[in-house]
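This briefing is meant to be read beside the sequence and the 3D view. Keep both open while going through the points.

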Amino acid sequence: MVFNASKAGKTISLYFHKTHNFDEVERKLIAKYKPRYNSSLKGDSPCIEKRRKRSIKGASKCCVSASAFGKKVWGKSEVAEYISSMMKNEKEKGNSELIIVSGEIHKALKLSNRMPTVCSAMRSLIREDDIVLHTTPSGNSSTIKILYKL
């Protein structure tokens with residue numbers, strides 16, 4: 001909705017209300033508006049879960065061995081390089097989409113306390129057609145999930 005309005009050159013006004021129960025507010029908004037994406041909350045109704053699965057049908061979920069990259073210091077650019085290699089491998093396999101979860105990258109690279117780095121690298125690779133399936137207020141959680149179009 002916002003993306004299409006932006007592409008059409010329309011002015012977009014967003015208003016935010018600070019709340020401690022953002023999960024509940026988000027769940028109510030999703031239930032009311034039934035968005036095509038951003039419906040991967042725990043405890044979703046079966047119809048939302050079914051729609052979520054349908055929207056990511058054919059998407060691949062994989063993990064490239066971190067050992068192929070050798071032992072190194074994992075900064076944002078190195079993590080982005082690792083994710084890019086995952087995308088390249090999946091594209092070569094004929095997949096058109098790849099779902100990446102930040103916690104899985106963090107675990108695969110055997111990182112410690114580097115979740116903001118992983119999430120920042122994931123965000124840096126987002127292109128126009130990619131879809132953020134799940135995020136958090138901080139944007140630096142192990143549950144950040146992005147569907148990348150390959």
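The model is predicted: local features need pLDDT of at least 70, side-chain atom pairs count only at pLDDT 80 or more, and totals for chains, interfaces and linings use all residues. Residues are numbered from 1 along each chain as its sequence is written, and side-chain values use heavy atoms, with hydrogens and water left out.

**Overall make-up**

- The protein chain has 6 helices and 3 strands, where helices (H or I, at least four residues) and strands (E, at least two) are DSSP runs numbered from the N terminus.
- Read from the N terminus, the order of elements is α-α-α-α-β-α-α-β-β.
- Of the 150 residues in the protein chain, 36% are buried; buried means under 20% relative accessible area, exposed over 50%, and partly exposed in between (1.4 Å probe, protein chains only).
- Among contacts (heavy atoms within 4.5 Å) with a separation of 6 or more, 53% join residues 24 or more positions apart.
- The accessible surface of the protein chain is about 10,000 Å², and carbon and sulfur atoms account for 54% of that surface. Accessible areas come from the Shrake-Rupley method with a 1.4 Å probe; for residues, only the protein chains shown count as cover.

**Salt bridges**

- The structure contains 3 salt bridges, each being a side-chain nitrogen of Lys or Arg within 4 Å of a carboxyl oxygen of Asp or Glu.
- E97 pairs with K149, with 2.5 Å between the closest N and O atoms. Because E97 is in strand β1 (residues 97-101) and K149 in strand β3 (residues 145-149), this pair ties together parts that are 52 residues apart in sequence.
- E97 is buried at 9% relative accessibility, while K149 is partly exposed at 27%.
- E90 pairs with K93 at 3.1 Å between the closest N and O atoms. E90 is buried at 2% relative accessibility, whereas K93 is exposed at 61%.
- D130 pairs with R127, the closest N and O atoms being 3.9 Å apart. D130 is buried, with a relative accessible area of 10%, and R127 is partly exposed at 43%.

**A further contact of E90**

- E90 belongs to helix α4.
- Its side chain also makes a polar contact with the side chain of N95 at 2.6 Å. A polar contact is a pair of N or O atoms within 3.5 Å; within protein, one must be able to donate a hydrogen and the other to accept it, and residues adjacent in sequence count only if both atoms are side-chain atoms.

**Helix α6 and its cover**

- In helix α6 (residues 115-124), the buried residues are M115, T117, V118, C119, A121 and M122.
- The cover over these buried residues includes α4 (76-92), β1, α5 (102-108) and β3.

**Aromatic pair**

- The count is 1 aromatic pair. The ring centres of W74 and Y82 are 6.0 Å apart and their planes stand at 80 degrees, so the pair is edge-to-face.
- Rings of Phe, Tyr and Trp (its six-membered ring) pair if their centres lie within 6.5 Å; planes under 30 degrees apart count as stacked, over 60 as edge-to-face and the rest as tilted.
- W74 is buried at 8% relative accessible area, and Y82 is buried at 0%.

**Nonpolar surface patch**

- V25, L29 and Y33 form a nonpolar surface patch with about 300 Å² of accessible area together. Patches are made of residues with over 30% relative accessible area and no salt bridge: like charges are joined within 9 Å, nonpolar side chains (Val, Leu, Ile, Met, Phe, Trp, Tyr) within 5 Å.
- L29 lies in helix α2 (residues 22-33) and is partly exposed at 46% relative accessibility.
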